[in-house]
Amino acid sequence: MSTGGWITMILSVGFVVTMFGWSMGKVLFGKEPSEKLHSLDSIDTRDTNGE
Amino acid sequence: MVNAIVKEAWTSRLGVILAVAGSAVGLGNFLRFPGLAAKYGSGAFMIAYFTSLLVLGISICWAEWTLGRYAGQKGFHSSPGIFHTLIRHPMGKFIGVLGVIIPVVIYMYYVYIEAWVAGYAYYFLFTDKLSLGGDVAAYKEFWIKYIGANENGFLLSDGGQVIWFLLAVFVVNFIVIFRGLARGIEFFCRWAMPALILLALVVLVRVLTLGTPNPDLPEQSLINGLGFMWNPGHVGDQLLNPELWLAAAGQIFFSLSVGFGVIITYASYLTDKDDVVLSGLTASSANEFCEVALGGMITVPAAFVFLGAAGLAGQGTFGLGFQVLPLVFSQMPVGWLFGGMFFFLLFLAAITSSLSMLQPGIAFMEEGLGLTRKQSVALLGLLTSIGCLFVVYFSKDIKALDTLDFWVGTVCIFIMATVIIVYFGWVMGIERGWREAHKGADIRIPGFFKIIMRYLSPLYLITIFALFVLFNVFGWNPQTGAFTPTSYVSDLVGEHPNDVARMSVALIVVIIVFFLMLIAQAGKRWDGQAADRKKGGGS
């Protein structure tokens, strides 16, 4: 494996790992809890929940 | 309130991100990307790849999330409904037909491929059917027989074992989709995506510790395998190759599932208090992580270690996945386990994608035709079963699958994505689109993306589409300048047309016409609802 190969691999893998880690970190530990959504909590599919 | 009946919703932000990421992460992440990077020289390829990620992938992704959520606030969750509200013209809703037929038609053949990987996972874990020795020809022969690529109608013959796997994955898909958005798709993706990543990490560790398995062939080492994958080659020369840019942009484009009709539908179940900027970026980066950090480190290096560069030459996505890799795992110590894990993770990647292909159709039938979920699932199940049987029956040289994939899974997606980015940047207007995207946003999109999303993305997309048509339809040879129409054209109108290709295109036309008629019906329903609200003075 050439030096250029190491550089290409480290930069490419490093970039996507950093991007994924940073954005997941913001989602999981950011100001808005990852479990929270403002949309409706209830699910009504009209025919699958006993209605 | 637009619709009197409370419809579906996501229950958590992480859930919707994992569902979108699940839709994006598919077989292409682990089988197609590594092959392309190695083929074109990874240095130049990764430059074109990350440029495309910035200009095409993330930009269109943000536009799609934003437009979907915007229309969802108006009460629409299906692509025709979304375009009905985006384009205030009687014809607007018909543009949305692409957002339904693309996922529905792709499902018809994708679920078949899903059955292949499910079968391979089963064979590795519970049988020794894939212990076929060290000759790749044996694996090729097995695969061709397994999928019936020798003759049409193998379904009716004795050897059609894959049909049982197809039946199983079809049923699992429809059980999950029947449970709904939150209790079905979201619940499934919340465990499937972490499981997929965990399995991939275990297989990655195994690959990275392979060393030099055959001391007689010291050049076939892991380090050389990584070099085969990542050595940059002649970057300057390679960057001048238009085919490289087409391959890189196409990989980003199809891998992220933009222009598919899925993201726009999923995002429509969010409110404008919910973030779409960080969520869109996170889902995209999850896809990139699986593709570059996992797919890029596993597939090609592992194959090189056992087969060398010669064994990898000329292998396409299916060749790599269903001929080379089974050989690699069968030669590896405890290969049955790692092979089983690898194909099971591919199965998870495939099923989280196929599930997402059903929701746009379900959403349309519910809100456009007023069907219950049970009725929608039944109707879509019938429709996709017919299409899938067509693909399975006409299995010779996988011609039906390939034709549907080309015209719907590629050409239609280009058109849909162009519509989305042009609408966002020019019809809605970049300033209004920008404000809409930032409602409830946790992070801000860097300002330079205004220029990218308004000018560069449409221009780049149209250029790539033009290159695609030149190469893959007209068969342009940049070296000679000659045009030789590809088989996708000559199969339809050439001197020796292919009946299966013609029937496949006829099937596409029938499906489009069928859905256009349903959309016309849905339009009447939506107009009636709007008139009722006006009469009642409702909002």
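Where is Ser257(B) found? I looked this up to begin. Ser257(B) sits in the loop between α12 (242–255) and α13 (262–267) of chain B. I keep in mind that this is a predicted model.

**Entry 1: backbone angles**

I checked phi at Ser257(B). The angle is positive, about 60 degrees, although the residue is not a glycine. I noted this since most residues other than glycine have a negative phi. Is Ser257(B) buried or exposed? Its relative accessibility is 3%, so Ser257(B) counts as buried.

I then turned to Ile398(B). Its phi is near 40 degrees, again a positive value in a residue other than glycine. Ile398(B) has its place in the loop between α17 (373–393) and α18 (399–427) of chain B. The relative accessible area of Ile398(B) is 15%, and because buried means under 20%, this residue is buried.

**Entry 2: aromatic pairs**

I looked up two of them.

Trp116(B) and Phe322(B) came up in my search. Their ring centres are 5.4 Å apart and their planes stand at 85 degrees, so I call the pair edge-to-face. The pair links distant parts of the chain, 206 residues apart. Trp116(B) belongs to helix α6 (residues 98–126) of chain B, and Phe322(B) to helix α15 (residues 317–331) of chain B. I found both Trp116(B) and Phe322(B) buried.

Next I took Tyr120(B) and Tyr146(B). This pair is tilted, with 5.4 Å from centre to centre and 55 degrees between the planes. Tyr120(B) is in helix α6 of chain B, while Tyr146(B) is in helix α7 (residues 136–147) of chain B. They are 26 residues apart. Both tyrosines, Tyr120(B) and Tyr146(B), are buried.

**Entry 3: arginines over rings**

Which residue lies over the face of Trp426(B)? I found Arg454(B) there, at 3.7 Å from the ring centre. Arg206(B) lies over the face of Phe338(B), at 5.8 Å from the ring centre.

I looked at helix α1 (residues 3–29) of chain A and helix α14 (residues 277–312) of chain B. They pack at an angle of about 145 degrees, and their axes are 8 Å apart. The crossing of α1(A) and α14(B) is left-handed. On α1(A), the contact residues include Met9(A), Val13(A), Phe20(A), Trp22(A) and Lys26(A). On α14(B), I noted Leu278(B), Leu281(B), Glu288(B), Phe289(B) and Met297(B) among them. What kinds of residue make up the contact of α1(A) with α14(B)? I read 16 nonpolar, four polar and two charged.

Notes: Residues are numbered from 1 along each chain as its sequence is written. Chains are lettered from A and ligands numbered from 1 in the order in which they are written. This is a predicted model: local features need pLDDT of at least 70, side-chain atom pairs count only at pLDDT 80 or more; totals for chains, interfaces and linings use all residues. Side-chain values use heavy atoms; hydrogens and water are left out. Axes are lines fitted to C-alpha atoms, for helices over the stretch in contact, and angles run from 0 to 180 degrees between N-to-C directions. Helices (H or I, at least four residues) and strands (E, at least two) are DSSP runs, numbered from the N terminus. A crossing is left-handed if the near helix is turned anticlockwise from the far one by less than a right angle, and right-handed if clockwise. Contact means heavy atoms within 4.5 Å. Ala, Val, Leu, Ile, Met, Phe, Trp, Tyr, Cys and Pro count as nonpolar, Asp, Glu, Lys and Arg as charged, and the others, Gly among them, as polar. Rings of Phe, Tyr and Trp (its six-membered ring) pair if their centres lie within 6.5 Å; planes under 30 degrees apart count as stacked, over 60 as edge-to-face and the rest as tilted. Buried means under 20% relative accessible area, exposed over 50%, partly exposed in between (1.4 Å probe, protein chains only). A charge sits over a ring if NZ of Lys or CZ of Arg is within 6 Å of the ring centre and within 35 degrees of the ring normal.
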